[in-house]
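Subject: Structure handover

Hello,

Here is the structure I said I would pass on. Please open it before reading the notes below.

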Amino acid sequence: MYGYAGTILRVDLSKATIRKEPLPDSLVENFIGGRGFVAKMLYDEIVPGIEAFDPQNMLIVATGPLTGHFLPASGKTHFGTKSPATGGYADSNMGGHFGPQLKYAGYDVLVITGKADSPSYLFIRDDTVEIRPAEAYWGQGALTAERNIKDHLGDDYQVLTLGPAGENRVRYACLSHDFGRQAGRTGVGAVMGSKNLKAVVVKGTGRIPLADPDRFKAFNKQILDTFKDGVKKTPLGLTVNGTAGVVMATQNFGVLPTKNWQQGTFDGWEKIHGEELTRRFLKKRSACY
C-alpha cells in the first residue's frame with residue numbers, strides 16, 4: 001500500500017491492551033487520510049450518547065498519505081474525538097514532527113480508548129508499544145513535561161503532551177508538541193487528560209513506500225521551487241510570520257474563526273496579525289517537518 005504504513009494501532013487504557021490491525025483498503029480509497037480517517041472512524045465507532053469524558057470516548061490520531069515524505073506542508077497530524085467544548089464532532093490538527101514519526105514507527109492511525117488507573121504515558125518505538133507510569137510528569141506544564149521526557153528518553157523522540165489544563169479537563173485545553181505547536185481547537189487536550197494520559201511518545205525507524213520515487217522527487221522539487229519563488233515575491237508570508245500571517249486574509253474574506261465560528265471576523269484583528277506578532281514577540285524561527 002504505497003504512501004501508507006498500513007497499520008492501525010489501538011490502545012485501551014482501561015484494559016491495558018494494545019492491538020494492531022491492518023489499515024483497510026476501503027478507508028484509504030474513500031477517505032484518503034488525516035481528517036478523512038478521523039471523521040469516518042468516529043462516525044462508525046463512537047458510542048452514541050456518551051459524554052466527552054466517558055472512558056469509551058475515542059481519541060484518534062491520524063496521518064495522511066503524504067505525511068513523512070518530505071513534501072512541503074505535508075507534516076500535519078489530525079486529532080478527532082467527541083468535543084467537550086461543543087458536545088459534537090471534534091477535529092483539530094498541528095504541525096511539527098509527531099505525525100511523520102508515527103508513520104515511521106509503522107502506524108497510520110492511533111486510536112486511544114479507556115482510562116488509565118493512574119497517570120500514564122504511551123511509549124511507541126516501532127513494534128514496541130507500552131503504557132508507562134507518568135506520575136513524575138503529572139502537574140507539569142506541557143513544555144516542561146516535553147523537555148523532561150526528552151531528557152529521559154532522548155531528543156530524537158517526538159512528544160505529544162498536555163499541561164494542567166488538560167489534566168483538569170478544561171474544556172478548551174490544547175495538546176502540545178515540539179515546544180510550541182498546538183492542536184488548539186475543540187478541547188482534545190481535555191479528552192486526553194480525562195484518560196489519565198499525560199503524553200504520547202514516538203520514535204520510528206521504518207520507511208514509507210512510494211510507487212514512483214523518481215517522479216515524486218521531481219514533483220517535490222517543483223513544489224519547493226514554487227514556494228521559493230513565492231517567498232521572493234511576498235517575503236512577509238508564512239515563512240516569516242508563521243500561521244498568523246494569514247490573519248489579514250481570513251479577516252478580509254470573513255472566514256477568521258471567531259467565538260467558535262459564530263463569527264467570521266474579529267474586532268482588533270490587527271493586534272494578532274502575523275506582522276504585528278513578529279514585530280513585537282519573535283525570538284527565533286523553528287520550522288515544521
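The notes cover aromatic rings, charges over rings and nonpolar cores.

This is a predicted model, in which local features need pLDDT of at least 70, side-chain atom pairs count only at pLDDT 80 or more, and totals for chains, interfaces and linings use all residues. Residues are numbered from 1 along each chain as its sequence is written, and side-chain values use heavy atoms, with hydrogens and water left out.

Aromatic rings. There are three aromatic pairs (rings of Phe, Tyr and Trp, the last by its six-membered ring, with centres within 6.5 Å; planes under 30 degrees apart are stacked, over 60 edge-to-face, the rest tilted). Tyr121 and Tyr137 have ring centres 6.2 Å apart and planes at 75°, so they are edge-to-face. Tyr121 is in strand 7 (residues 120-125), and Tyr137 is in the loop between strand 8 (128-133) and helix 4 (142-153). Helices (H or I, at least four residues) and strands (E, at least two) are DSSP runs, numbered from the N terminus. Both Tyr121 and Tyr137 are buried (under 20% relative accessible area, 1.4 Å probe, protein chains only; exposed is over 50%, partly exposed in between).

Nonpolar cores. A core is a set of buried Ala, Val, Leu, Ile, Met, Phe, Trp, Tyr and Cys residues joined through side-chain atoms within 4.5 Å. The largest has 27 residues, and Phe79, Leu102 and Leu110 are among those with the most contacts inside it. Strand 1 (7-12) and helix 3 (98-104) are among the elements that give it two or more residues. Another core, apart from it, has 14 residues, including Val28 and Phe37.

Charges over rings. Arg132 lies over the face of Phe123, 3.7 Å from the ring centre (CZ of Arg or NZ of Lys within 6 Å of the centre and within 35 degrees of the ring normal).

Regards
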